[in-house]
Amino acid sequence: MARFIVFDFDGTVTQQDTINVLAQFAISSRGSAYSQQEASENWKRIVDPYLADYAKHKESYVPKAEDRKRLAQEPAYLESLRTVELSSVERVVNTGFFAGLTSEQWEQFGREARRIGEEWNPDWNGDEGKAVRVRKGFSELVQQAKARGDKLGLVSVNWSRAFVEGVIEPEDPDRSEFVKRINEIRWPGGQLEGPEEMGGKVMMTSKDKLEGFETMLLKEAIGESKKRRSVYFGDSVTDLECLLRADTGIVVVNEGEEEQSTLLGTLKRLGFDMPHVSEGREGTKLAWARDFKEVLGNNILG
């Protein structure tokens, strides 16, 4: 059966979140040492209040995580974080942190980040803060999907579509292989803007990602004679609703961090069976994997 395979980006296609990588490239693009120091201080003014707001919201929210046993309770909590995310976006815009950077620059930053990530090794003392390491097996999975006629997509709350496109350029050289729902940083002011297909609304929450995913499914269904089976890969709680909406949802977890995965823990708390992909088969609703090579080595995708 034909498939529509959709990926989250940060922590799924990549091995880690890339928001700080975007910040490091933005800081280093400022010409003088003084300007870079000022940008670093602005970044701290963005990050520190966000972390404080997030912790305060999490602490005060009722019901607490351990008491949220019904499925409807978790999306409600995730959506309640919108105010925290919106305040952070406003800080980014008000400080002008990304002002003056063009889409072409962001694409180049993405290419450079992947190059640094591919050259990285444990003994290297280079600029690891700018490294993006793509998860094992991603290129192979994309190549196999293309060969069998599958469609591909990316849904992400990352702030720069151009940066993402730079990172995945080896898999999508002409920008046509992936349907995308990703925010963009607009030149010259550095404002954040959501996907055109979603009316320009900035994607921030699990609900936004679900909307992006569903617009993809609807668009791709038009003109198709047969329904494609949807597959979604994600690593964080903002992927929860997309994973449950897909015909098959696969949680991606870094090796050795299975017990620390908030998403895996949340799904188990909500009563979902979460086998490793090696125990799944075609038609399995939910499973988890450490990388895409594990997925390719099993029958879960059919």
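A residue is called buried when its relative accessible area is under 20%, exposed when that area is over 50%, and partly exposed in between, with a 1.4 Å probe and protein chains only. The structure is a predicted model, in which local features need a pLDDT of at least 70 and side-chain atom pairs count only at pLDDT 80 or more, whereas totals for chains, interfaces and linings use all residues. Residues are numbered from 1 along each chain as its sequence is written, and side-chain values use heavy atoms, with hydrogens and water left out.

The protein chain holds 12 helices and eight strands, where helices (H or I, at least four residues) and strands (E, at least two) are DSSP runs numbered from the N terminus. Its radius of gyration is 19 Å, close to the 19 Å that the globule rule gives for 302 residues, so the chain is as compact as a globular protein of that length; the radius is taken over C-alpha atoms, and the rule is 2.2 Å times the number of residues to the power 0.38. Along the principal axes, the C-alpha atoms fill a box of roughly 55 × 45 × 45 Å. Of the 302 residues, 49% count as buried, and the chain exposes about 14,200 Å², of which carbon and sulfur atoms supply 49%, the areas coming from the Shrake-Rupley method with a 1.4 Å probe. When contact is taken as heavy atoms within 4.5 Å, 68% of the contacts between residues at least 6 apart in sequence join residues at least 24 apart. The mean positions of the 42 positive and 52 negative charges are 4 Å apart, with Lys and Arg counted as positive, Asp and Glu as negative, and His and the chain ends not counted; each charge is placed at NZ of Lys, CZ of Arg, CG of Asp or CD of Glu.

In soluble globular proteins, nonpolar side chains tend to be buried together. A nonpolar core is here a set of buried Ala, Val, Leu, Ile, Met, Phe, Trp, Tyr and Cys residues joined through side-chain atoms within 4.5 Å. The largest such core in the model has 52 residues, and those with the most contacts inside it are F7, F97, W106, F138, F163, F233 and V295. Helix α2 (residues 19-28) gives the most to this core, with six residues. Apart from this core lies another, of 29 residues, among them L78, M198, L210 and F213. In α2, the buried residues are V21, L22, A23, F25, A26 and I27, and their cover includes α3 (33-60), α6 (103-119), α8 (161-167) and β4 (184-186).

Around F163, with neighbours within four places in sequence left aside, the contacts are T18, V21, L22, F25, W106, E107, F109, G110, A113 and V132. One of these residues, T18, is found in the loop between α1 (9-13) and α2 and counts as buried, at 0% relative accessibility. With the neighbours within four places again left aside, T18 is in contact with F9, D10, V132, N158 and F163. T18 and A113 are 95 residues apart in sequence, and their C-alpha atoms are 9.6 Å apart in space.

Several other loop residues were examined in the model. R148 lies between α7 (138-147) and β2 (151-156) and is partly exposed, with a relative accessible area of 39%. Not counting residues up to four places away in sequence, R148 touches M1, A2 and R3; the C-alpha atoms of R148 and R3 are separated by 9.0 Å, although the two residues are 145 apart along the chain. E282, in the loop between α11 and β8 (286-289), is likewise partly exposed, at 49% relative accessibility, and, leaving aside its neighbours within four places in sequence, is in contact with R229, N299, I300 and G302. By contrast, S261, in the loop between β7 (248-252) and α11 (262-269), counts as buried at 13% relative accessibility.

Most residues other than glycine have a negative phi, and most peptide bonds are trans. The peptide bond from V62 to P63 is cis, with omega near 5°, and P63 is placed in the loop between α3 and α4 (73-80). The bond from W187 to P188 is also cis, with omega near 5°, and P188 is placed in the loop between β4 and β5 (191-193). R175, in the loop between α8 and β3 (178-182), has a positive phi near 65° and counts as partly exposed, at 22% relative accessibility.
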